[in-house]
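Have a look at the model first, then read on.

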Amino acid sequence: MPAAYTLPTNLSPTTVANTASLIRIVALSLISGAAIASRLFAVINFESIIHEFDPWFNYRATRVLASKGFYEFWNWFDPTAWYPLGRVVGGTVYPGLMATSGVIYNLLHAINLPVDIRNICVLLAPGFSALTAWATYQFTKEMKDASAGLLAAAFIGIVPGYISRSVAGSYDNEAIAIFLLMFTFFLWIKALKQGSALFGTLAALFYFYMVAAWGGYAFITNMIPIHAFVLLLMGRYSGRLYVAYSSWYAIGTLASMQVPFVGFQPVRTSEHMAALGVFGLLQIVAFAQLVRSHVSSQQFQSIVIAGVVTIGILGALAIVGLTYKGWIAPWTGRFYSLWDTG
């Protein structure tokens with residue numbers, strides 16, 4: 001382990017490791033505290049209140065869930081929203097935010113802590129900002145080391161762009177979505193490194209949570225396939241990549257389709273075609289590896305060239321044809337906004 005100064009020679013490696021772990025825990029706790037504190041000025045200076053339009057609607061929906069239960073929330077018709085038409089809430093919202101607050105509300109009341117649902121909604125975003133710092137630490141630690149993880153956690157804890165979407169009272173989807181984004185990426189890297197179907201499944205479950213929480217899940221839907229595709233182009237295909245991606249895509253896609261507002265979009269919109277295409281490509285590569293172990297090199301090259309050309313042409317024609325017929329929807333403005341950094 002690199003050190004800023006020479007360590008005493010009479011310290012055992014166990015003592016040094018334990019001390020370093022304690023310092024990292026203290027540092028991460030301070031970062032989490034700073035992340036929460038920097039988002040509480042509005043509550044401290046004024047009062048615990050929901051502000052902005054969308055957070056108010058989310059709060060009203062959460063209040064219905066907390067008072068009447070999930071079934072009533074799922075079938076709630078709100079006559080005051082989208083006036084005078086009204087709004088069928090269960091089929092037109094991402095319910096992850098409301099469900100999260102409802103679970104916290106019921107857990108606190110189960111242990112006889114009668115916290116009002118409004119206070120839970122107001123303080124949810126600052127609380128999740130601490131979890132975001134921890135998730136970013138875990139992700140960066142997996143990519144580099146613990147020191148880089150602490151630096152990344154400190155940056156995301158105080159970055160103005162994130163603070164503006166997660167201050168106390170800003171009860172919007174980003175309140176929990178940024179944590180889910182970072183933690184899903186962490187689980188994906190973990191699954192990829194270990195070739196673990198368990199971590200692939202966990203990544204899929206948190207991806208489902210992300211889909212239920214925010215429309216920005218399309219960022220995960222495209223970034224993980226791009227990562228897997230680049231690894232294939234670099235010649236770094238392995239059984240670990242196959243297991244991690246297949247478990248994430250199969251379970252994550254089926255789970256995401258259970259959100260009513262999403263429905264069949266994962267198999268019928270252009271935003272999701274990259275994930276489907278990489279999944280199919282991985283199956284072809286895995287099959288090619290199996291064939292390679294049973295035939296000679298010359299035969300294998302002929303089979304691969306013919307197969308790749310045929311499947312590539314048929315796949316491209318199928319996507320173009322289905323898009324032209326209207327079975328696959330074109331790119332949406334939300335997808336384009338992901339790449340618009342100007």
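Buried here means under 20% relative accessible area, with exposed over 50% and partly exposed in between (1.4 Å probe, protein chains only). Helices (H or I, at least four residues) are DSSP runs, numbered from the N terminus.

This is a predicted model, in which local features need pLDDT of at least 70 and side-chain atom pairs count only at pLDDT 80 or more, while totals for chains, interfaces and linings use all residues. Residues are numbered from 1 along each chain as its sequence is written, and side-chain values use heavy atoms, with hydrogens and water left out.

Leu241 touches Trp188, Leu192, Ala228, Leu231, Leu232 and Leu282, leaving aside residues up to four places away in sequence.

| Helix | Residues | Span, first to last C-alpha | Expected span |
|---|---|---|---|
| α7 | 146-158 (13 residues) | 19 Å | 18 Å |
| α12 | 239-256 (18 residues) | 25 Å | 26 Å |

## Helix α7

The buried residues of α7 are Ala146, Gly149, Leu150, Ala152, Ala153, Ile156 and Gly157. Seen down the axis of α7, they fall within an arc of 165°, so they line one face of the helix; the arc is that of the directions from the helix axis to the C-beta atoms. Turned away from that buried side are the exposed residues Ser147, Leu151, Phe155 and Ile158. Among the elements covering the buried residues of α7 are α1, α6, α8 and α9.

## Core and rings

The largest nonpolar core has 75 residues, and Phe73, Trp188, Ile220, Leu241, Tyr245 and Trp248 have the most contacts inside it. Such a core is a set of buried Ala, Val, Leu, Ile, Met, Phe, Trp, Tyr and Cys residues joined through side-chain atoms within 4.5 Å.

Ring pairs link Trp188, Tyr207, Tyr217, Tyr245, Trp248, Tyr249 and Phe279 into a cluster. Rings of Phe, Tyr and Trp (its six-membered ring) pair if their centres lie within 6.5 Å; planes under 30 degrees apart count as stacked, over 60 as edge-to-face and the rest as tilted. The whole structure holds 19 aromatic pairs. One of them joins Phe139 and Phe185, with ring centres 6.4 Å apart and planes at 40°, so the pair is tilted.

Key:
Contact = heavy atoms within 4.5 Å. Helix = DSSP H or I, 4+ residues; strand = E, 2+ residues; numbered from the N terminus. Expected span 1.5 Å × (residues − 1).
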